[in-house]
Amino acid sequence: YVMMAFRIAWFKVHIPRAYYAAYFSIRAKSFDAEYMIFGKEKVIAKMKEIQAMGNMATPKDKDMYDDLEIVLEMYERGIKFLPIDLYKSHHNRFQLEEEGLRPPFNSIAGMGGIAAEALYNAAQHEEFNSIEDIKKRAKLGNSGIELLRKFGCLQGLPESDQMCFFDAI
């Protein structure tokens, strides 16, 4: 156990982005992109909210608080999260990129593992033409689409596959 602790500490000090990507992919129990990927201020606000609950905090809130502490530490070290992206995000692993960490689809609260994997697999085959195309190929319902819309993943995509004759003019 001691050797394993030294190895983990070495990675945390010398290769911190890889450490955080592995930690959040494997160990984070209650990672919620809504509170964690939009900057240090939002993380601190959520931590204060959980602290204010005191003994009324649920076990899930306590797990989230632990994850928030690690996220805050990461921000303090100058490492940031990149936006969730239809084509660059994985379904369940944090991606290590030059600019920071890219969260997976399943880090969105309400996006289940099966839906996240279906979306990831559909995006790997070919680019989406429209939101309607995402619904068909990834078999996502309206709630999944709204979650993606909330995180800005659908910007620039038309709603429908149908083209309007007057749009071409």
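These questions and answers walk through a predicted model of one protein. Local features need pLDDT of at least 70, side-chain atom pairs count only at pLDDT 80 or more, and totals for chains, interfaces and linings use all residues. Residues are numbered from 1 along each chain as its sequence is written, and side-chain values use heavy atoms, without hydrogens and water.

Q: How many helices and strands does the protein have?
A: Helices are DSSP runs of H or I with at least four residues, and strands are runs of E with at least two, numbered from the N terminus. From that end, the order is α-α-α-α-α-β-β-α-α-α. The count is eight helices and two strands.

Q: Is Val2 buried or exposed?
A: Val2 sits in helix α1, residues 2-14. Buried means under 20% relative accessible area, exposed over 50%, and partly exposed in between, with a 1.4 Å probe and protein chains only. Val2 has 56% relative accessibility, so Val2 is exposed.

Q: What share of the 169 residues in the protein is buried?
A: The C-alpha trace spans about 65 × 35 × 30 Å along its principal axes. Within the protein's 169 residues, the buried share is 40%.

Q: What share of the contacts with a separation of 6 or more joins residues 24 or more positions apart?
A: A contact means heavy atoms within 4.5 Å. Take the contacts with a separation of 6 or more. Residues 24 or more positions apart account for 56%.
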